[in-house]
Every structure is written in C-alpha cells, then in structure tokens.
Amino acid sequence: MLTLDFLCPLPNGLHARPAWALKEQCSAWQSDIRFINHRLNTHADAKSSLALVSTGTLFNDSCSLQISGNDAEAARRALESYLQHHFIDSDSELPAAASPTAHPLPRSLSRLHPHLLTGNILATGIGCGGITLWRSDSLDRYRTLPASPEDMTRLEYGLAELADNLNQQLRLLGGESKTILSAHLSLIQDDEFASNIRRIMRDEKQGLAAAIVDNMEAICEKLRASSSDYLRERASDIRDISERLLHIVWPQYRNQEVLRLSRPSILVADDLTPSQFLSLDLSQLKGMILEKTGPTSHTLILARAASVPVLNGLSVADLSALEHTPAILDGQCGVLVLEPNEAVRGYYALARELADQRIACQTRDAAQTAFSRDGQRLEVAANIGSALEAPAAFSHGAEGIGLFRSEMLYMDRSAPPDEQEQFETYQQALLAAGDKPVIFRTMDIGGDKPLSYLNIPQEENPFLGYRAVRIYPEFAGLFRTQLRAILRAGAVGQARLMIPMVHSLDQILWVKNELQQVKAELQAEGARFAASLPLGIMVEVPSVCYIIDHFCDEVDFFSVGSNDMTQYLYAVDRNNPRVSPLYNPVTPSFLRMLRQIVTVAHRHGKWVGICGELGGETRYLPLLLGLELDELSMSGPRIPAVKSQLRQLDSRACRALADKACDCRSPEEIETLLRTFTPEEDARPLLAVENILFVDKPYRKEQVIQLLCGNLAVNGRTAHPLELEEDIWQREEIVTTGVGFGVAIPHTKSAWIHHSSISLARLPAQIDWESEMGDVELVIMLTLGEHEGINHVKVFSQLARKLVNKTFRQSLLAATDPEALHQLLNAELSL
Ligand code: PEP
Ligand code: MG
C-alpha cells in the first residue's frame, strides 16, 4: 500500500465541488484509494464524493490518500501532481455577488469539531430541525392497487422500459449524474432486485405495486441502518428506481403531493415553487436547502421575508441519506451542521441569543424616520406578498409598502380571486398602513410564477415571454377586476398603483385608458373609490432607461426591479445557479444605469425607488444613498439594519463614493472601494458599562470570546463580530492570555472594530483558559481599532500592571454588578 500525505489546501474545506473533482481523479485508477483525515480520524472511499464530503475536512487539515492495487504506483504519481498543482483550483468558485457572503467559521465553533457540510448562503439566519426531504410523490397509494394476473408481465415490461430510459439518459449525461444513473442501471439489472419483488408477490400474496413499495422499504431500512455513508446513500437510489418503476407501469397514478411539516424541519429539495413554499407550515420550517435555486427566485424572496435561512450548493442526492438527521442550518457561515453535540448546540444557542439582541436593538430604533447622518431623507419601505405580512413589516419600521406583490394572491388555487376578496385584502393592507403609502403592483403573472388556470401554454423562455403587463390585454377582464378592487380599497388609505415589466409607452397608455374606464364605471355605480391614485412603473426592462423622460410625462414614480433588471441587463437568468456569479447588480454598468434613471426622473420632478433585493443589501447602502435614490423597499426583517446603517452615513461622502464607483472598471474595483469606505462615526468611550457582563452560565473559553465579541456587535461597536473573534483567536492561539490571579486579558488590533473597546466578562466560576497561569474567572478583552494610536495600548499596560496589585484584584473580583466594575476601572485607569 502506498501513502500520500498532504495538507488540505482548500480555503472552504472539502465541499461538494472539490470532492467531486478529487473523486474523478481517483476513479481513473483501478487501485483502491482511501481518504483519511487525521485531525478528525475520518475515513472515506476516495471514489465517492459524498463519502469525501462527509469526512468534514477543513482548510489545513492533515490528510492522506492510501492507495493499494496493481496500478498503485502510477496512481500515486498522478494524484500527487494533482494535489500539488490542481486541487486548489477546484475550490475557486466565485460566490454570487448578490448573495450574502459567508463569514469564516468562527473558532468558537470550529474548535468544537462540528460535523459540517459547506454550501452557499441564499438567505441568512440560523435554524435547527430534522432534515426533511421534499419528495413530490408519496408511494402509499400504490399499496391499494389490487393484484392482477398481468403483474408478472408488467414487472418485466417495467424493468425493460426503465433500463431503456436509463440507457437513453446515460447517452446524454456526464459527470456525477452519469455515475448515479449507471448505479441505478446496475441495481435494476441485479437479479436480486426483481426476484425479491417476485418473492413478495408470491409469498405474501401482494399485488405488484405493493410488492415494489415493500421491497423498496425493506432494502432502504437495511441500508439506512448501515454505518457506512456509502451504503446509507444507496437508500435514495433504491427509492428512486422503485418510484420510476411505479410511474412507468401506472403513469395515471403519478401525482404531486402536498408537503406537510409536522416537526421543526430543515427542508431539502431541488427547488420549490412559491406556491409550494406558501403552502408550508412556516412555524415548522427552520431552514431550506434548495439545490437549484438562484439568489432572487421568488421562493427565496418569500423565505427571506419569513426569516427562513436558505443554502444552495449542496445536492439533494448527497443529503438524501440523511433524512430525519438532526441538523442546524447556519446561514451566517454557510454550513449545515449535522448531529450537533451539546457544545455545538451551546454555540448556536448563544449565537441566536446575540443575533436576537442585535435585532432587538436595531428594531428599537427602527420606528424612527430614516435619515442619513447629515439629514438626507431616504424612505425605507417593505416588500410584502400578502396583507397578513403588513403588520410585521410596519413593526420592523417600514415607512410604507414599496411593493405589494399582488400576484401571490392568485397563486396556489384553481381560480382567480374575485373583486370582493381582493378588495378586502388590499383594504386590510391599507388599514395596517394607516397614513403610510402602499404600492400595489398589479399582477405579475408568468416567468417563474405561472398560473395553471389561465391556460397559458408553456414557453421556452418564460422570463422573456408572456408575463406581467404583456398578458393584460388578453386577460383584460381579470386586470379590470384588480383595478376596481385597488381603486375601491384606495378610498381608505394612501394606495399607489404600479405596473410591472412595462417597456413601451403604448403599454402605459393602454393601462391609463383601462384605468379611466374602470373609474368611470365605478363613478356610474356610485361606488366609493380613490379618484386620484399615483401611478408608477417598475423599471425592469433596460430599454426603459432610454425613454425615462417620456415616461415622466405619463407616470408619477419609478421603482427599479433590480432582480429582473439584473437578468435583463446582462442576459443572465436570475434562477440559474450556474450563471449566478454573473448575476451581480453592483457593476459599473448597473450603477451608471441607476444614475441615469435618477438624474432624468429628478429633472422631471419624479421620484425613484428600488424594490428588488438590491434595495435591502446593507453593504451597498452607501452606493444607493450616493446615487440619490428616494426610496428603498425590501423584505421587512432587513429594515432595522438598513435604517441603523443609514444613520451612520454621510450623504455627501456617499455621493462622492457613488461617482467613483461609476468610474470603476470592474465589480471588484467597486468592492475594493466599498471595503475602504469607512463612515465617520461619533466617538465612544473605551470603557462603557454595556460592555461589562456578569455571566450566569457555565460558558467555556470559546463561548466567553463569542459572547464578548457578539456583545460589541449588539452595542454597535462592530458590524463583524465573527471576524473580530478570529482576530482575538489569532493571538490567543499563539500565546494564551491568562495572566494568573484568575484573570485573562485577550486583546487585538483589528480592522473589524469601529470603536476601540474594553469588554469584561465576570464568570460564575473559574474555567479552563488553556493557560499555564491557571484557570480564569474574570476576562478583560481589549479590541483596538487598526489605526488606534499608542494611548489606548498604554491603558492596557497600565491595567496589566495594576493586576499585580492584590487589593486592586480583590476589589475587581468582589464587584457585584457592571456599574461597580465600571466605576472601579474608571477610577483606577487614566481613560
Ligand atoms: C424585481 O424584479 O426586482 C422585482 C421586485 O419584481 P419580482 O422580483 O417580483 O420580479
Ligand atoms: Mg420583477
């Protein structure tokens, strides 16, 4: 046996893509090749990518390949070269720029050795539940099909047909899919598979359908009980071929089942339609892994609004063996944590507590009107899909509804809502809004939101096809019903009307004509309605930008739909993860386009908002403020953070920044500009009582550091607690900061802290600080800004000197509340 030792060079660890690439390399050889991670002592067949992923291998882990067989020497040479020169490239996937970026895994978590799978973040947050696979087809109904004399023939026919289908697919496919389908083919050609089904029919007097299901369950049960990942993984293959067999023999029974969640769940699926998402019990939905979903699909937009964290980049096939496994979906670091132990659960409990506190602080201020630091007004509104979401949006601090996606009302049903139902819904939203505006976008049907009852034939390019305003003339009755409902509801509040996907003046003239007629109708009926409703259009089609001046003659406002605009401006499908690295609304071309729209609209006295996902991205807020947008509309939970950041920005500095960004030559240059853009903030004292914590839980060292850094984020002193934590650990791991006498003084100079701070944690008992100087019950942490002068460092050395003094130490340890500690330190140190 030959051994090849190496350190894992992959910054993101051995996730699905590099695992697949390594497996491909290993599979080229006849030798058996085992992968070993020495840190975790995990082993895997190197020819199975799922097995490789499940080793939990992280950057710099010490690993080996053990190769045994006839061609072992040649394999060793080739693999050595691959690992040295090419392995790292397999990790070079660009994150989708519009998606939230993953934080590095904090050491307070990685030191607990969690079992992790790495994905890409689509929606942030943390959720905990059992893994639940979305299978669109339940097989129970097949059990009721009676036995028939034709069953034997049916079985032979079904198997032959399935083999034929698989062979056809195999000719078209490559890579992983090919491997899986080849495995399926060999399974159905395995004599035992068919003979087991025959035996069940014969011995248990079952019909064919029930025998297929029973056989499947018996095999799956055995496989799931196996300790081998590889074998457990085969359960889904057995299910897959059994299901396909049933569909071939009884195509008439194939149907879509409604998914019900009966316990807290992390839902794993290829994709979900918005209506499938809407049909879920959201109280049980703790997270989703959607393999084939892009960053602005409507399902994702709904998930963000409901604060459900979402990842992609993990395949359903890889996760199918993990059904019911307890897991935590971490939409901050972009990982799925499997079977978390108590320490890992403790990390997440604290992470959630800190996140909740941070949100609570921002929400407290969110009710204030949104202004920049220098008094520039920017309206911050919410996007909603139903009237039920309106109260929550306003409690997040929405100053209006910038986008009511009315089409959601038409989905997940077999006929459109009638005028009265719509009227009641719109009125409910307006009543929740009080005197704040509600922008009703008229039905945006089509694209990824088809409606079966309209019988619009399937199209090859639905996003470029028959959708939104384009279908209104054919369904004029439906459109008028909606206009009537909005106009009538508008009598009780500040309703505004917005038309999606407009690209020509003709379309808006047609809409205005319809509006006139509907108003005349309502007038004639003596109905109560809003006679003058501001009218706007969504700016989603690039050509509109060149004739904004003409539109200014016809409408009152504009709202840029950055989700669609991004896909149309660059011709990049918004739902296709393969092109998601190109789907980035923050490029020089996009920003210049926004600047042009705003300039022309303002010249004509009209306002411009953004209601696509870009509007809620805090990291791009300086650019949006600098481009002089008038309104941003976003999912409700994002509002507090946006308002809080806005209060720190100076609009003049942001205008200069936006000008520079428009002159950049690449998105990367813009990102660099943003990284170096630091808003000026009011000075804060080094020591503040809110950073002194009396802890009542038996935290370990990792959690104490997590808590102190997280608390600085709660108090607005850092926006990057995890990165700050990493800087603390960098020093901590070189030399531990226990100084004896029960005290530790972790410290760092970091780019991630806005306001230099001293934080304290008084612990309920001494804990292990991994220090020769003994255990620790008081932690004094110093986090200094990168450009901090020497003075604060002096304070720290002063503190270190004072700690040698017994009386000072005793009074520090005797203090019973944060105020007392604060006073004591203030008196003793020259702050
Ligand atoms: C958009 O395109 O940005 C938008 C807000 O509309 P939707 O996402 O519903 O298509
Ligand atoms: Mg749109």
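Ala468 counts as buried, at 0% relative accessibility, where buried means under 20% relative accessible area, exposed over 50% and partly exposed in between, using a 1.4 Å probe and protein chains only. Ala468 is not a glycine, yet has a positive phi of about 50 degrees. Its place is the loop between β15 (437-441) and α16 (476-489); helices (H or I, at least four residues) and strands (E, at least two) are DSSP runs, numbered from the N terminus. Lys205, also not a glycine, has a positive phi of about 50 degrees too. Lys205 sits in the loop between α7 (191-203) and α8 (208-225) and is exposed, with a relative accessible area of 69%.

A word on the ground rules: this is a predicted model, with local features needing pLDDT of at least 70 and side-chain atom pairs counting only at pLDDT 80 or more, while totals for chains, interfaces and linings use all residues. Residues are numbered from 1 along each chain as its sequence is written, chains are lettered from A and ligands numbered from 1 in the order in which they are written, and side-chain values use heavy atoms, leaving out hydrogens and water.

On to the metal. The magnesium ion (ligand 2) is held by Glu540 (OE) and Asp564 (OD) at 1.9 to 2.0 Å; donors here are N, O and S atoms within 2.8 Å of the metal (3.2 Å for Na, K and Ca), and with water not among the atoms, sites may look incomplete. Glu540 belongs to the loop between β17 (535-539) and α18 (548-552), and Asp564 to helix α19 (residues 562-570), so the pair links distant parts of the chain, 24 residues apart. Glu540 and Asp564 are both buried.

These two residues turn up again at ligand 1. The side chain of Glu540 has an N or O atom 2.9 Å from an oxygen atom of ligand 1, and the side chain of Asp564 likewise places an N or O atom 2.9 Å from a ligand 1 oxygen. Taken alone, ligand 1 exposes 290 Å², and the protein buries 100% of that (Shrake-Rupley areas, 1.4 Å probe). Around ligand 1 there are 17 residues, the closest being His298, Arg405, Arg441, Gly561 and Asn563, counting those with a heavy atom within 4 Å. For Arg405, a polar side-chain atom lies 2.8 Å from an oxygen atom of ligand 1.

As for the overall layout, the chain is divided into domain 1 (2-90), domain 2 (107-136 + 258-338), domain 3 (140-253), domain 4 (371-676) and domain 5 (687-828), with bounds from an automatic or database domain assignment. The centres of domain 1 and domain 5, taken over C-alpha atoms, are 42 Å apart.

Methods. A polar contact is a pair of N or O atoms within 3.5 Å; within protein, one must be able to donate a hydrogen and the other to accept it, and residues adjacent in sequence count only if both atoms are side-chain atoms.
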